[in-house]
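The sequence and the model are shown below.

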Amino acid sequence: KLWCDTESADEAAELGESLGWAGLVPSFTSTKLLWLKRHEPANFERLRHVALPKDYLNWHLTGRLVAERSDSSGTGLLEGLLDGATPSPTAAWDDAACAMI
């Protein structure tokens, strides 16, 4: 799903409410993953990794599957993003958000 696809609006509202995060919008990767899990469960089960475009290209060029912080901030899964804080350079994945997917 492209970032501009808003089909995961229901998932965005649910995740935002459950996590107490105002501002979680359907363009976040987390909402699209939950949508995929609910609407295309067979494809979700095949999923082993999530890579944003820059990370995917980096993986093919270097053989290392890593996430870059500025892109990761757009997933809705990095801690400290939706409470108004700026994530630190060592920000980790938000365990509560990841568990909901």
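Residues up to four places away in sequence left aside, Leu77 touches Ser30, Leu33, Ala92, Trp93, Asp94, Ala97, Cys98 and Ile101. The model under discussion is a predicted one.

Leu77 is also named among the residues with the most contacts inside the largest nonpolar core, together with Leu15, Ala97 and Ile101. That core has 13 residues. Two or more residues of the core come from each of the elements H1 and H2, and H2 gives the most, with four residues. In soluble globular proteins, nonpolar side chains tend to be buried together.

## Helix H2

How many of the eleven residues of H2 are buried? Eight of them are, so H2 is largely enclosed by the rest of the structure. The buried residues of this helix are Thr29, Ser30, Thr31, Lys32, Leu33, Leu34, Trp35 and Leu36. Two of these, Ser30 and Leu33, are touched by Leu77.

## The largest pocket

The volume of the largest pocket is about 530 Å³. Its lining is made up of 18 residues, and Lys1, Thr29, Lys32, Val50 and Leu52 are the ones that lie nearest its centre. By type, the lining divides into ten nonpolar, four polar and four charged residues.

Which helices each supply at least two residues of this lining? They are helix H2 (29-39) and helix H4 (53-62). The largest share, four residues, comes from H2.

The lining of the second largest pocket divides into eleven nonpolar residues, three polar residues and one charged residue.

## The H1–H2 loop and Gly74

Ser27 is placed in the loop between H1 and H2. With a relative accessible area of 29%, Ser27 is partly exposed. Apart from neighbours within four places in sequence, Ser27 is in contact with Trp3, Lys32 and Gly74. Ser27 and Thr6 are separated by 21 residues in sequence, and their C-alpha atoms are 6.6 Å apart.

Gly74 belongs to the loop between helix H5 (69-72) and helix H6 (95-99). A relative accessibility of 33% makes Gly74 partly exposed. Its contacts, with neighbours within four places in sequence left aside, are Ser27, Phe28 and Thr29. Although Gly74 and Ser27 are 47 residues apart along the chain, 8.0 Å separates their C-alpha atoms.

A pair of aromatic rings is described by the distance of the centres and the angle of the planes. The structure holds one aromatic pair. Tyr56 and Trp59 form this pair, with 5.8 Å from centre to centre and 70 degrees between the planes. Why is the arrangement edge-to-face? The angle of 70 degrees is over 60, so the pair counts as edge-to-face.

Both partners lie in helix H4, three residues apart, which is about one turn of the helix. Tyr56 is partly exposed at 44% relative accessible area, and Trp59 is likewise partly exposed at 32%. Tyr56 and Trp21 are 35 residues apart in sequence, with 28 Å between their C-alpha atoms.

Pro53 also has its place in helix H4. Is Pro53 buried or exposed? Its relative accessibility is 71%, so Pro53 counts as exposed. The C-alpha atoms of Pro53 and Asp71 lie 9.1 Å apart, and the two residues are 18 residues apart along the chain.

Methods: Residues numbered from 1 in each chain as written. Predicted model: local features only at pLDDT ≥ 70, side-chain atom pairs only at ≥ 80, totals over all residues. Heavy atoms only, no water. 1 Å grid on protein atoms, 1.4 Å probe; cavity = no way out; pocket = protein on both sides within 12 Å on 5 of 7 lines; lining within 4 Å. Points joined across faces, edges and corners; volume = space filled by probe spheres on them. Nonpolar A, V, L, I, M, F, W, Y, C, P; charged D, E, K, R; others polar. Phe/Tyr/Trp six-rings, centres within 6.5 Å; stacked < 30°, edge-to-face > 60°. Buried < 20%, exposed > 50% of the residue type's maximum accessible area, 1.4 Å probe, protein only. Core = buried A, V, L, I, M, F, W, Y, C linked by side-chain atoms within 4.5 Å. Contact = heavy atoms within 4.5 Å.
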